[in-house]
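Please look at the sequence and the structure below.

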Amino acid sequence: MAVRPAVAGERAPHRPGPAPEAPLHGPVIDWFGTHARDLPWRRRSAGPWGVMVSEFMLQQTPVSRVLPVYEQWLARWPRPADLAAEPPGEAVRAWGRLGYPRRALRLHAAATAIAERHGGTVPDDHDALLALPGVGEYTAAAVASFAYGRRHAVLDTNVRRVLARAVTGVEYPPTATTAAERRLARALLPEDEPTAARWAAASMELGALVCTARKPECHRCPISASCAWRLAGSPAHDGPPRRGQTYAGTDRQVRGKLLAVLRAATEPVPQEALDAVWDEPVQRARALDGLVADGLVEPLADGLYRLPHG
Ligand code: SF4
């Protein structure tokens, strides 16, 4: 039986078990073959640009909310050059209510760089992807893997949770991705590229559909027989408390309301139109200042505001 490579800093499983890569890859990939959701960015027709758009949108927004915006986005901007040809404010407008709208600006900047530096084609190389503005380690790995079938560890929250439970034997991964998690994910990568790419997508889907954060459905999990956490009796999380995200009353909520006014407007809007969306003046001003500082709102000389024209 093969022995999984030692991973420095990895927390030991609660019980000695069989080498995880053998029982993990095959069952998870088989399960993916019959249970994967038919999502538009997984279709061949999506192409690398469709994959990249989806990865930007899915980073902090659930699939159900991304789907309609994604479809409209690709219909309007089927190629990076189409998006690059428009002002960044149009990207912010089309972002709608996906949240964290700086992603729209970053996607616009990436599209511009692709159009200028790569002849309008999303690069297939991880380093070239990473060099694009707004593209971090996760997105570069995801696009290289999902769009081009390359071999990369793609560590999103779903994959991290699956590995934490199935291999490390703990209920939740650390708050932020650690070097030990990256080493573990790399050590678990199948050797050949197509299988590695399939594993990346399959393990992510398992975390999204079965090994969910609050209620893992171990009875329908293809690796329950070898899952370190389950075999240890599903011990309760003993790390730092996990905080849920609050939204109501936060600056994020105010920013969302201010941006909604600007997205709906075809002309620059006066301050009063923005003041009407939130009663508390200090928080409202702070939120507007933040939007301006982030480049999401452009103040004009005559006291008007609009989405950025680039
Ligand atoms: Fe997650 Fe349960 Fe499957 Fe383990 S057995 S990987 S905890 S769903």
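**Salt bridges**

Arg306 has a relative accessible area of 24% and is therefore partly exposed, where buried means under 20% relative accessible area, exposed over 50%, and partly exposed in between (1.4 Å probe, protein chains only). Glu298, at 22%, is partly exposed. The two side chains, Arg306 and Glu298, form a salt bridge at 2.7 Å, N to O; the term stands for a side-chain nitrogen of Lys or Arg within 4 Å of a carboxyl oxygen of Asp or Glu.

The model is predicted, so local features need pLDDT of at least 70 and side-chain atom pairs count only at pLDDT 80 or more, while totals for chains, interfaces and linings use all residues. Residues are numbered from 1 along each chain as its sequence is written, and side-chain values use heavy atoms, with hydrogens and water left out.

Side chains of opposite charge can pair when their charged atoms come close. By the rule above, the count is 16 salt bridges.

Another pair is Asp38 and Arg43, whose closest N and O atoms are 3.1 Å apart in a salt bridge. Asp38 counts as exposed because its relative accessibility is 57%, and Arg43, with 38%, is partly exposed.

Glu181 and Arg160 also meet in a salt bridge, 2.8 Å from N to O. This pair links distant parts of the chain, 21 residues apart: Glu181 lies in helix 10 (residues 179–187) and Arg160 in helix 9 (residues 157–168). Helices here are DSSP runs (H or I, at least four residues), numbered from the N terminus. Both Glu181 and Arg160 are buried.

Finally, a network of salt bridges links Arg76, Glu86, Glu90 and Arg93.

Methods. Helices (H or I, at least four residues) and strands (E, at least two) are DSSP runs, numbered from the N terminus.
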